[in-house]
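Thanks for coming, everyone. Please have the sequence and the model open while I talk.

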Amino acid sequence: MKIAGFLFVIMILFSSCKKDEGSSYGEYYWIYTYGYPRMDFFEAAEGISEKWKIKYHAVGGCMVSHEEERGVNAINKRTYAAIERKYGKGWLAAYDKDMQDFAMKNVDVMDILITNKLFRDELKKHYIKAYNVDKEVFELNNEGEFKVIVYNNDLKYENKECFRLAVNTKNRTVNLIQ
């Protein structure tokens with residue numbers, strides 16, 4: 001698995017013929033990771049991925065060879081340069097601040113949802129208890145707009161996603177997307 005991930009990363013590194021955009025697929029920049037996964041970091045990174053168009057992908061676990069480490073770091077260096085060209089020199093500080101602020105924004109979103117009739121009605125339709133909501137929250141921009149996906153883990157794998165919501169924390173509105 002580790003070798004396949006490393007070979008995939010190396011293949012991407014050598015197959016690029018266009019302007020060097022680092023690891024980007026579609027509209028997202030991909031940063032590759034290895035080592036012990038920090039769950040709070042990845043939850044925040046996933047939460048702001050729509051806003052920044054940056055995603056993380058683990059290509060190795062806690063034990064990686066020196067060659068794998070060098071390959072991943074080389075690709076990430078090119079990706080960071082491409083991100084800097086898009087967002088400017090101060091992008092990393094702004095990104096880190098958004099990561100730190102995400103936990104509080106996530107609480108604000110849940111505060112709005114838990115008191116919203118539409119949200120509570122949708123929970124009832126999908127047999128989800130209000131105290132047991134499994135959700136993903138994505139910050140879309142700096143205007144207080146979020147996308148929320150609600151799951152019911154008691155259902156079969158292919159049907160776990162129950163509904164999607166658009167939440168605006170500035171005007172405290174909730175709209176059903178799906």
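Start at Tyr 127. Is Tyr 127 buried or exposed? Tyr 127 has a relative accessible area of 73%. The cut-off for exposed is over 50%, so Tyr 127 is exposed. Keep in mind that this is a predicted model. Where does Tyr 127 sit? Look in the loop between α6, residues 117–125, and β4, residues 134–139. The backbone here deserves a glance too. Tyr 127 is not a glycine, yet its phi is positive, at about 55°.

Which residues touch Ile 128, once neighbours within four places in sequence are set aside? The contacts are Leu 123, Val 133, Val 150, Tyr 151, Asn 152 and Cys 162. Here is a distance to go with that list. Ile 128 and Asn 153 are 25 residues apart along the chain, and their C-alpha atoms are separated by 9.4 Å.

One of those contacts was Cys 162. Let's follow up on the cysteines. With a relative accessible area of 13%, Cys 162 is buried. Cys 62 is at 54% relative accessibility, so Cys 62 counts as exposed. How many disulfides does the structure hold? The count is 0.

There is another positive phi to show you, at Lys 53. Phi of Lys 53 is near 60°, and Lys 53 is a residue other than glycine. Find Lys 53 in the loop between α3, residues 49–52, and β3, residues 54–58. Tyr 127 was exposed, but Lys 53 counts as buried, at 17% relative accessibility.

Follow the chain past β3. Gly 60 lies in the loop between β3 and α4, which covers residues 66–87. The relative accessible area of Gly 60 is 15%, so Gly 60 is buried. What does Gly 60 contact, leaving aside neighbours within four places in sequence? Thr 33, Tyr 34 and Gly 35. Tyr 32 gives us a distance for this spot. Gly 60 and Tyr 32 are 28 residues apart along the chain, with 8.8 Å between their C-alpha atoms.

Next, a residue in a strand. Lys 147 is in β5, residues 145–151. Now compare sequence and space. Lys 147 and Gly 47 are 100 residues apart in sequence, and 9.3 Å apart in space, C-alpha to C-alpha.

Gly 47 takes us to a pair of helices. Gly 47 is part of α2, and α2 meets α5. Two packed helices are described by the angle between their axes and the distance between the axes. Here α2 spans residues 39–47 and α5 spans residues 91–114. Their packing angle is about 95°, and their axes are 9 Å apart. Why call them perpendicular? Angles of 65 to 115 degrees count as roughly perpendicular, so α2 and α5 are roughly perpendicular to each other. Which residues meet? From α2 come Phe 41, Glu 43, Ala 44, Ala 45 and Gly 47. From α5 come Tyr 95, Met 99, Phe 102 and Asn 106. By class, this contact has 6 nonpolar, 2 polar and 1 charged residues.

Let me zoom out to finish. The chain has 6 helices and 7 strands. Read along the sequence, their order is α-β-β-α-α-β-α-α-α-β-β-β-β. The chain has 178 residues, and 39% of them are buried.

Methods:
Residues numbered from 1 in each chain as written. Predicted model: local features only at pLDDT ≥ 70, side-chain atom pairs only at ≥ 80, totals over all residues. Heavy atoms only, no water. Axes fitted to C-alpha atoms, helices over the stretch in contact; angles between N-to-C directions. Helix = DSSP H or I, 4+ residues; strand = E, 2+ residues; numbered from the N terminus. Parallel < 35°, antiparallel > 145°, perpendicular 65-115°, else oblique. Contact = heavy atoms within 4.5 Å. Nonpolar A, V, L, I, M, F, W, Y, C, P; charged D, E, K, R; others polar. Buried < 20%, exposed > 50% of the residue type's maximum accessible area, 1.4 Å probe, protein only. Disulfide = S-S within 2.5 Å.
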